[in-house]
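Let's take a walk through this model together, one piece at a time. Keep the viewer open and follow along as the residues come up.

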Amino acid sequence: MNTHDNGAKNTLLTPGNVITAIILLVGLFITVLRFTKGIGSVTALDDNNPWGIWISFDLLCGVVLAAGGYTTTSAYYLFGLKHFRSAVRPAITSAFLGYAFVVFALHYDVGQPWRLVYPIFVSQGTTSILFEVGLCVFLYVTVLAIEFSPAVWEWLGIKKLRSLVLPLTIPLTILGVILSTMHQSSLGALYLIAPSKMHPLWYSSFIPVFFFISSMFAGMSMVIFEGILAHKGLHGKMDALHLKQADGVVLAFGKASAFVMMGYLFIRFYGVAMDNNFKYLFTGYGLWFLVETIGFVALPAFLYAMGARERNVSLMKIAAVITVLGVVLNRFNVSQVAFNYQLDASERYFPHWMEIGVSVFVVTLIITAYRFICTKMPVMYEHPEYKDAH
Amino acid sequence: MDTVFYSYHDFMLATKTITYVLMGLGLFGLLGFWLFLTGRDEPIRKY
């Protein structure tokens, strides 16, 4: 275990902390405004565009980028790939935080936080896809909280609770995969209701499949991407096993991502072919579609493959960054760019600065919470009392 | 240039034909990509 602190600088007035404090203060101000003056006071939403970047970024991107939880736990616990051991806890931590803050951010959109439990416990809309998404996210946050909890019990030294939760690991992992399969695809299925509002290149009856398959490589790429950030900011918290396995995790996940991405690329074009939409490829939207599919799917898949062939970890990290950006681009394209594409430019949605402020606030909260957890709890290293115990 | 379809059957026949041809090409493409991806992997030890 290597938990030494770098240097003796104990001042809180670092540039990073000051920027974080400013973002949090602005975020709190907007939060008060949103819950006292209403959603219209802080957003540019209207009847044509009821879902803005809080749905596109905080929810759609938040959920897909938290998919590293189910991919990593499946690799380690279900497929028995032991070289993913050191990646399991960081992946579960980021997935748990990702989903928890998706639910947190959802409050800004729906308002009335005390009614958040209504769709589950009071008035179930069982014919709605959104109900399925809500139920799955509710259950999966619970699953992730239990999966994450051993790190808390180890930190607090509560051995009884830890030993109570540990036997549940495999069933919870299986449940996590089932729930992820359901709600990742259902988020795409939400858009099946609006065929006339979406551009034909992005609308497809296969959109749930696109969302689910893209969540696989998004999750794996996000684990690699988070690893890059963690090695910069939390290197001192990593133990020897974590450092030893880091490159192997990148190579294995990069290789898997490459193959899944190539499959995804093909089915995206099958979607175009099934609806006879090739003619749209030669329009402005078509060019943008090609930028998304070739520039942010085919290119990183090829870079991953080159990295796998040459065992070039740096190249794979570049591919991971492009992939993560590509998935974010895809979710924005589906929910914003291609949505309501037929409206005049004056009627199209552009986010209010306070909407962007809330998204930045939420991301900052996630990073702050992640840093706190990784600094205090055995996430990047194994607790000395429980070595080889998970 | 936009093809005109006079019946749903014509539309399905045309689009499914193209899709199945693309699927065949995709299978070969994926096989080729897999060989490219794993081309320099160490051979699996069988002892």
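H6(A) bends by about 35° at A:Phe148, and within four residues comes a proline, A:Pro150. The bend here is the angle between two fitted axes, one for the seven residues ending at the residue and one for the seven starting there. Helices in this text are DSSP runs of H or I with at least four residues, strands are runs of E with at least two, and both are numbered from the N terminus. Before going further, a word on the ground rules: this is a predicted model, where local features need pLDDT of at least 70, side-chain atom pairs count only at pLDDT 80 or more, and totals for chains, interfaces and linings use all residues. Residues are numbered from 1 along each chain as its sequence is written, while chains are lettered from A and ligands numbered from 1 in the order in which they are written.

H6 of chain A covers residues 129-156, and its 28 residues should span 40 Å at 1.5 Å a residue; the end C-alpha atoms are 40 Å apart, so the two agree. The expected span is 1.5 Å times one less than the number of residues.

Which residues of H1(A) are buried? They are A:Gly27, A:Ile30 and A:Arg34. Buried means that 20 or more other C-beta atoms lie within 10 Å of the residue's own; 12 or fewer makes it exposed, anything in between is partly exposed, and the C-beta atoms are placed from the backbone. An α-helix has 3.6 residues a turn, so residues three or four places apart point the same way. The cover over the buried residues of H1(A) includes H4 and helix H13 (353-376) of chain A.

Now zoom out. Chain A has 13 helices and 0 strands, which reads along the sequence as α-α-α-α-α-α-α-α-α-α-α-α-α. For its 390 residues, a compact globule would have a radius of gyration near 21 Å, and chain A agrees because its own value is 21 Å. That radius is taken over C-alpha atoms, and the globule rule is 2.2 Å times the number of residues to the power 0.38. The C-alpha trace of chain A spans about 60 × 55 × 45 Å along its principal axes. Of the 390 residues in chain A, 43% are buried. As for contacts (C-beta atoms, placed from the backbone, within 7 Å), residues 24 or more positions apart account for 81% of those in chain A with a separation of 6 or more.

Two loop residues deserve a click. Most residues other than glycine have a negative phi. A:Gln112 is not a glycine, yet its phi is positive, about 45°. This residue sits in the loop between helix H4 (85-110) and helix H5 (118-122) of chain A, and A:Gln112 is exposed because there are 9 other C-beta atoms within 10 Å. A:Asn276, also a residue other than glycine, has a positive phi near 55°. Its place is the loop between H10 and H11 of chain A, and with 18 other C-beta atoms within 10 Å, A:Asn276 is partly exposed.

Those helices lead us to chain B. There, 16 residues of chain A are in contact with 17 residues of chain B. On the chain A side, the elements giving two or more residues are helix H10 (240-274) and helix H11 (284-310), and H10(A) supplies the largest share, 10 residues. By class, that side has 10 nonpolar, 2 polar and 4 charged residues. Here Ala, Val, Leu, Ile, Met, Phe, Trp, Tyr, Cys and Pro count as nonpolar, Asp, Glu, Lys and Arg as charged, and the others, Gly among them, as polar.

Chain B itself has 1 helix and 0 strands. Its C-alpha trace spans about 65 × 25 × 10 Å along the principal axes, and 4% of its 47 residues count as buried. The mean pLDDT (the predictor's confidence in each residue, from 0 to 100) of chain B is 90, with 96% of its residues at 70 or more. For the complex, the predictor gives an ipTM of 0.90 and a pTM of 0.92.

How values were computed. Two residues are in contact if their C-beta atoms, placed from the backbone, lie within 7 Å.
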